[in-house]
Amino acid sequence: MALPLPPGLTPPEIAFLCEMELVTVIPRQRLEGLELLGGSLPPLNPPHRTAMPLWLALLLKRQRRANILPPPWLSPHSLAAILEHETDHDDTFSPPPRLPPAPSSNALPFSAPFLSHATADAAPDALPYHWLELGEMLLEAAADDFEDPDNVRKLLRGLREVRMSKLRKRVEDLQAGGGVDMKGVGGMEVSEGRAFVTGVIDNLRRIGASLEQQRRDRDREETADSDDDDMSM
Amino acid sequence: MDIDDLLAEVTADAVPQETRDLQELTRGWVAERVAPELLPWPDALMERVLERVRKQIELVEDQTGNMDPKTNFKLIIIQTELERFKFLVRSFLRARMKKVDDPMLLSPSEYQYLTAHQALLSNHYSSSFLSQFPAALQRLDDTTGGISMVDKPDEDAAIFCRALRDVGEIFVEGTDQRFEMKRGDIRVVRWSAVRTWVLSGDVELI
């Protein structure tokens, strides 16, 4: 049956994407290596750290077979610094983490959730695309792996509020042509803001459609005219 | 080509095909869920993914019944991942089905679905009410009065997208909107203005 959903991912689907993020795990039990559909999982040997997708880390964690090492940006110190940056800069989101070197032209470029922005070696000073979902899922399933989970929770809530109010303020600059800069926005924020942001842009476009059509015709005439000029030269 | 390019090429090659396929399938699923129109059917990718899924199901069937707790736990992991893949593939197919209309972009089974579904619908309409209308009102593709009965995707719908490579200047036809898109940038923009780059793999929908 065709999917009866409007365009865009739902929050559970965003969480599903986020569960593909790699996180660092400290196993408490041995496990042989496994050939999975998304690539092979190396053997687990306690206490050697291993990177694995979040869904698997959560499965092991719930069975007390492993501990999860939260990424460095999910520490109170880092979150407080990022929150300060968010509050100081009214009009933009804090910059996303640095990207790995650009792939060559024929290689497949990777993007979130496949960028290792949630492992123990991730950058400490930037929120990756799935920051909110990842933080909440880890706090829910692995709060005991945090040093100060309550503080982390509080800072995440603060960040969410500051950033949502930025997203709402962005509405003032929306135009029929779109083009709004959203660099640094998070997955869950896109999901929440999509219906409203795209709805406003689409409706502005419909209101201005006839003006735009006139302009398109004029542009086309002008190019045609200049072509004629070239001919006469 | 500088050292960064060389390094990137080495790392890209080091990523196994399975992981690259997962990235591609995930991206394709998100794109199909977001884009206002149907995108091309990723033939080779789907063949590889479905073949692996089939093999994994066989493996699970082989090993079920094995009472060894170690094997049992491995099976739980394998099955969990298998269900995730099945969800991805299913949701991808269902998102496409909603938009199935252009035979050029369809897989053979989607084409079969399109023709069978349309035949059922038009039979149903004509037997339940259309046949009782005057002949002039029986058409399903009328365009009188300047309004077409055929729904078309809104190609200018606004979408969220992210640049995977530097794509240079994007220009929105009919407006003053011009902007530069660099790798990692996220913009809300008309689908028609970035479609070419999404199809070439330089921009992704989010």
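How many salt bridges does the rule find across the interface of chain A and chain B? The count is eight. Keep in mind as you look around that this is a predicted model.

## Chain A by itself

Chain A has seven helices and six strands. If you walk along its sequence, the elements come in the order α-β-β-β-β-α-β-α-α-α-β-α-α. The radius of gyration of chain A is 23 Å, while the globule rule gives 17 Å for 233 residues, so chain A is more spread out than a compact globule.

Glu140(A) pairs with Arg62(A), and their closest N and O atoms are 4.0 Å apart.

Now find Pro53(A), which is in strand S4 (residues 50-53) of chain A. What does Pro53(A) touch, leaving aside its neighbours within four places in sequence? Its contacts are Glu19(A), Met20(A), Glu21(A) and Leu22(A). Pro11(A) is 42 residues away from Pro53(A) along the chain, and the C-alpha atoms of these two are separated by 19 Å.

## Chain B by itself

Chain B comes to six helices and five strands. Its pattern along the sequence reads α-α-α-α-α-β-β-β-β-α-β. The box filled by the C-alpha atoms of chain B is roughly 70 × 55 × 20 Å along the principal axes.

## Where the two chains meet

How many residues take part in the contact between the chains? Chain A gives 66 residues and chain B gives 66 residues. Together the chains bury about 6,300 Å², with carbon and sulfur atoms making up 60% of that. On the chain A side, Leu3(A), Phe16(A) and Leu37(A) supply 13% of the area buried against chain B, more than any other three residues.

Charged and polar pairs show up here too. One of the eight salt bridges across this interface joins Arg220(A) to Glu173(B), with the closest N and O atoms 3.2 Å apart. The rule also finds 31 residue pairs in polar contact across the interface.

Which parts of chain A face chain B? The elements that give two or more residues include helix H1 (11-18), strand S2 (34-36), strand S6 (178-181) and helix H7 (209-232) of chain A. H6(A) gives the most, with eight residues. Sorted by class, this side of chain A has 38 nonpolar, 13 polar and 15 charged residues.

## Inside chain B: two domains

Chain B is divided into domain 1 (15-134) and domain 2 (154-206). The centres of these domains, taken over C-alpha atoms, are 27 Å apart. Nine residues of domain 1 are in contact with 11 residues of domain 2. The area buried between the domains is about 810 Å², and carbon and sulfur atoms give 70% of it. On the domain 1 side, Arg27(B), Pro36(B) and Glu37(B) supply 54% of the buried area, more than any other three residues.

The rule finds two salt bridges across this domain interface. Arg27(B) forms a salt bridge with Glu204(B), with the closest N and O atoms 2.7 Å apart. There are also three residue pairs in polar contact between the domains. The side of domain 1 that touches domain 2 has seven nonpolar, no polar and two charged residues.

## Salt bridges named here

The structure holds 34 salt bridges over all chains. Here are the ones picked out above:

| Salt bridge | Closest N and O atoms |
|---|---|
| Glu140(A) and Arg62(A) | 4.0 Å |
| Arg220(A) and Glu173(B) | 3.2 Å |
| Arg27(B) and Glu204(B) | 2.7 Å |

Definitions and conventions. Residues are numbered from 1 along each chain as its sequence is written. Chains are lettered from A and ligands numbered from 1 in the order in which they are written. This is a predicted model: local features need pLDDT of at least 70, side-chain atom pairs count only at pLDDT 80 or more; totals for chains, interfaces and linings use all residues. Side-chain values use heavy atoms; hydrogens and water are left out. Domain bounds come from an automatic or database domain assignment. Contact means heavy atoms within 4.5 Å. Buried area is the accessible area (1.4 Å probe) that two parts lose on being put together, summed over both. A salt bridge is a side-chain nitrogen of Lys or Arg within 4 Å of a carboxyl oxygen of Asp or Glu. A polar contact is a pair of N or O atoms within 3.5 Å; within protein, one must be able to donate a hydrogen and the other to accept it, and residues adjacent in sequence count only if both atoms are side-chain atoms. Ala, Val, Leu, Ile, Met, Phe, Trp, Tyr, Cys and Pro count as nonpolar, Asp, Glu, Lys and Arg as charged, and the others, Gly among them, as polar. Helices (H or I, at least four residues) and strands (E, at least two) are DSSP runs, numbered from the N terminus. The radius of gyration is taken over C-alpha atoms; the globule rule is 2.2 Å times the number of residues to the power 0.38.
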